[in-house]
Amino acid sequence: MTPISTLGEFGLIERIKNKFKTTHNQVIKGIGDDAAVVPIGNGLVQVYTTDLLAEGVHFDLSYAPLRHLGYKAVAVNLSDIFAMNAVPFGITVSIAFSNRFTVEAIDELYEGIKLACERYHVDLLGGDTTSSRQGLVISVTAFGQAKEEEIVYRSGAQPNDLICVSGDAGAAYAGLLVLEREKNSFVNNPELQPDLSDYDYVVARQLKPEPRGDIIQELREMGVRPSAMIDVSDGIASELHHICHQSKVGALIYANKLNLDYQTLKVAEEFQIGATTFALNGGEDYELMFTLPLKDYDKVKSSGNFHIIGKITPDEKQIQILLDTGGIADVEAQGWDHFRGENG
Ligand code: ADP
Ligand code: MG
């Protein structure tokens, strides 16, 4: 028998994908991007994505309020819709929970789901409710729409394209480290009251991420369409690998262009992790990474909402970073591989 860890998450998905061929030739994109794409006529397409959050793997209810969890479960799915350059309109929500959960607890969860629906203007279309032996599992499917020519895949990056990332990097992971540290000190000494005021930004990034629909909107207003796009759920390094592999190109990024918030830098220092490693491998930021043709530089250079971190290069085998020291290193795609015992 083969342990799943020999394949890892991406190896396993590839294995599943290879066993299925789409039989309906109207399917434009099946497995392999942030969302599947299906035409609905009049030059329009619908996009579909699903993400599951499991207690003990993706969240810890000792510090994640149920309301935030509900919000996050929706947010992470909308992030995949935006990553296709599409606009979400609906979700389904399926939950499994043990008898430890009360009506009030499920109400809290759905308060968060409702807040996200209102904030991003999506409708709750249905779902499923069942019991679990232990813990809470939330599975959300999101539906979006766009014109077919607006859809952006992971596979469209071209040599010399600019590589852009919205917001700042590594903050959600910084928040996770701080929350775990506070939890451990509380377990060791329940008298201690956690003081998270110096970490409010990174903790909020971990507990209540905001998918970047505003960036999609901004790019439309600027009149630019990314050549490739992905959302940053597993860290910049891992997402850059996805774009490069699917586009059959390489990349050179610059460590000094990675944007880290002050609080993230502080946490990196406290945990003695290099800022660059932190920015490259910290997961769950739910920012957008996209590539733009060089000709669009003048249109986008003044945006404060995203940063150019490097450029696409021709050689598929070289995904590299220019370090602050002046040296060049390979960007290793670590990501969050739960099957290797890492984080959620
Ligand atoms: P993301 O991080 O953007 O949510 P994933 O890495 O989870 O993307 O998934 C990558 C692709 O693999 C997507 O197209 C997704 O639908 C597909 N996928 C993931 N898990 C499975 C599965 N168990 N069976 C079929 N397709 C899957
Ligand atoms: Mg994604």
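A: The largest cavity holds about 50 Å³ of space. A cavity here is a set of points on a 1 Å grid over the protein atoms alone where a 1.4 Å probe fits but cannot get out, and lining residues have an atom within 4 Å of a point. Its volume is the space filled by probe spheres set on the points, which are joined across faces, edges and corners. This is a predicted model, in which local features need pLDDT of at least 70 and side-chain atom pairs pLDDT 80 or more, while totals for chains, interfaces and linings use all residues. Side-chain values use heavy atoms, without hydrogens and water, and residues are numbered from 1 along each chain.

The lining includes Val165, Asp168, Lys257 and His307. Strands S6 (162-166) and S10 (306-313) each supply at least two lining residues; strands are DSSP runs (E, at least two residues), and helices are runs of H or I with at least four.

Now to the salt bridges, each a side-chain nitrogen of Lys or Arg within 4 Å of a carboxyl oxygen of Asp or Glu. Aspartate 285 pairs this way with arginine 205, with 3.6 Å between the closest N and O atoms. Aspartate 285 lies in the loop between helix H9 (275-281) and strand S9 (287-292) and arginine 205 in helix H5 (residues 200-207), so the bridge ties together parts 80 residues apart in sequence. Aspartate 296 bridges to lysine 299 at 3.9 Å between the closest N and O atoms. Shared partners also join Asp168, Arg205, Arg212, Asp214, Asp285 and Glu287 into one network of salt bridges.

Notes
Chains lettered and ligands numbered in written order. 1 Å grid on protein atoms, 1.4 Å probe; cavity = no way out; pocket = protein on both sides within 12 Å on 5 of 7 lines; lining within 4 Å.
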